[in-house]
Structures are given as C-alpha cells and as structure tokens.
Amino acid sequence: DPLLLDRRTRLALRRGDIPGGRKYAAALWRLDRSMATRLMLIRAELAAGQVNTAVELLGQVYEHTPELFDAEIELVQLYVSKGELEVARKRLDRITWDLDRTSRIRLHEARAALEQKAGNEHQYRWELEQATRLRSALP
C-alpha cells in the first residue's frame, strides 16, 4: 500500500532510522514514481550520506518546488560538512528560481555556512546580514 509506505518512510526518517527510511522509500519508489516519492527517496539517500544517488535523482527533477529546495539545501549542507565547498557553491548557484522569503533566508544561511567554512569572513557576515534583514521583514 503506497500510503502506508509513505507514512513508514516519513516516520523512520523522523526517528533517525535511516536504513528503515531507505528501505521504505525504495519500496514506495517501486510502486509510485511521483515527484513527491522521488523527493522522499532523495531525502532518505541524503540522510544515509549517499550523495551520488541523491545527485542522480535530483538531476531528474525539473519542478521547482519547496521540497526540491529543501533537498538541495540538505545536499549543500552535506557537501559543506565534507569540505567540498566548490561543489556546494555550484549547487547553491543552481537555485535560481523564485523563492519565498523564508526560503531566501535559508539560502543566505546556507551560503553563510559555506563562506564561514571557506574562511571568507566578509562574505559570511554579508550573507548573515541578508538573512537577518529578510527575517526582520517577516510579519
């Protein structure tokens, strides 16, 4: 049942059961090739550190949705944590579609983390200022 697999995948990932989340996401993918399932599978692969698989799956996503943005940010954070800063920067540069204010804040925060790790203090502070400026404009 796809609905049951969807719920099990989400629950497993929320609980930190990465192997279970991947297993359920893969089973769901065999039944349902929707964009929502693809994005869930990507998130399960990212949680497991399976960067290459996640990148391959992300390369086949053409809809600019909040879920795609979330997956891209997770991938960038993984690259930054591994010290692959140029790859992370290229992924961030791919995010060119219109974003809501909250997503723009997260984008600046992700760029700030990257610049801090790269030792670019001035750019790090500028990105944080942009995030703060956008955050202060929230209702």
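Is arginine 91 buried or exposed, and at what relative accessible area? Arginine 91 is buried, with a relative accessible area of 8%; buried stands for under 20% relative accessible area, exposed for over 50% and partly exposed for values in between, with a 1.4 Å probe and protein chains only. The structure is a predicted model, in which local features need pLDDT of at least 70, side-chain atom pairs count only at pLDDT 80 or more, and totals for chains, interfaces and linings use all residues. Residues are numbered from 1 along each chain as its sequence is written, and side-chain values use heavy atoms, with hydrogens and water left out.

**Figure 1. Overview of the chain.** The chain has eight helices and zero strands, where helices (H or I, at least four residues) and strands (E, at least two) are DSSP runs numbered from the N terminus. In order from the N terminus, the elements read α-α-α-α-α-α-α-α. Along the principal axes, the C-alpha atoms fill a box of roughly 50 × 35 × 30 Å. Buried residues make up 41% of the 139 residues of the chain. Of the contacts (heavy atoms within 4.5 Å) between residues at least 6 apart in sequence, 50% join residues at least 24 apart.

**Figure 2. Surroundings of arginine 91.** Arginine 91 is part of helix H6, residues 85-93. Leaving out residues up to four places away in sequence, arginine 91 touches Val55, Leu58, Glu72, Leu75, Val76 and Tyr79.

**Figure 3. Helix H2 and its N-terminal cap.** The 14 residues of helix H2 (residues 18-31) should span 20 Å at 1.5 Å a residue, and the end C-alpha atoms are 20 Å apart, which agrees; the expected span is 1.5 Å times one less than the number of residues. Aspartate 17 caps the N-terminal end of H2, with a side-chain oxygen 2.9 Å from the backbone nitrogen of glycine 20. Glycine 20 is also one of the buried residues of H2, listed as Gly20, Gly21, Ala25, Ala27, Leu28 and Trp29. These buried residues pack against H1 and H3.

Figure 4. Proline 2 belongs to helix H1. With a relative accessible area of 38%, proline 2 is partly exposed. Not counting residues up to four places away in sequence, proline 2 touches Leu28 and Leu31.

**Figure 5. Aspartate 32 in the loop between H2 and H3.** Aspartate 32 lies in the loop that joins these two helices, and at 25% relative accessibility it counts as partly exposed. The side chain of aspartate 32 makes a polar contact with the side chain of threonine 37 at 2.7 Å. A polar contact is a pair of N or O atoms within 3.5 Å; within protein, one must be able to donate a hydrogen and the other to accept it, and residues adjacent in sequence count only if both atoms are side-chain atoms. From C-alpha to C-alpha, aspartate 32 is 10.0 Å from aspartate 6, and the two are 26 residues apart in sequence.

**Figure 6. Helix H3 and isoleucine 42.** H3 has 13 residues and reaches 18 Å from its first C-alpha to its last, close to the 18 Å expected at 1.5 Å a residue. Its buried residues are Thr37, Arg38, Leu39, Met40, Leu41, Ile42, Ala44, Glu45 and Leu46. The cover over the buried residues of H3 includes H1, H2, helix H4 (51-58) and H5. Isoleucine 42, in H3, is buried at a relative accessible area of 0%. Apart from neighbours within four places in sequence, isoleucine 42 is in contact with Ala54, Leu57, Leu58, Val61 and Ala71. Its C-alpha atom is separated by 9.9 Å from that of glutamate 74, 32 residues apart along the chain. After H3 comes glycine 49, whose phi is positive, near 80 degrees.

**Figure 7. The largest pocket.** The largest pocket holds about 360 Å³ of space. Of the 14 residues that line this pocket, Arg10, Leu13, Leu39, Met40 and Arg43 are the closest to its centre. Helix H1 (2-15), helix H3 (35-47) and helix H5 (66-81) are the elements that give two or more residues to the lining. H3 supplies the largest share, six residues. A pocket is an open set of points on a 1 Å grid over the protein atoms alone, where a 1.4 Å probe fits, with protein on both sides within 12 Å along at least five of seven lines; lining residues have an atom within 4 Å of a point. Its volume is the space filled by probe spheres set on the points, which are joined across faces, edges and corners.
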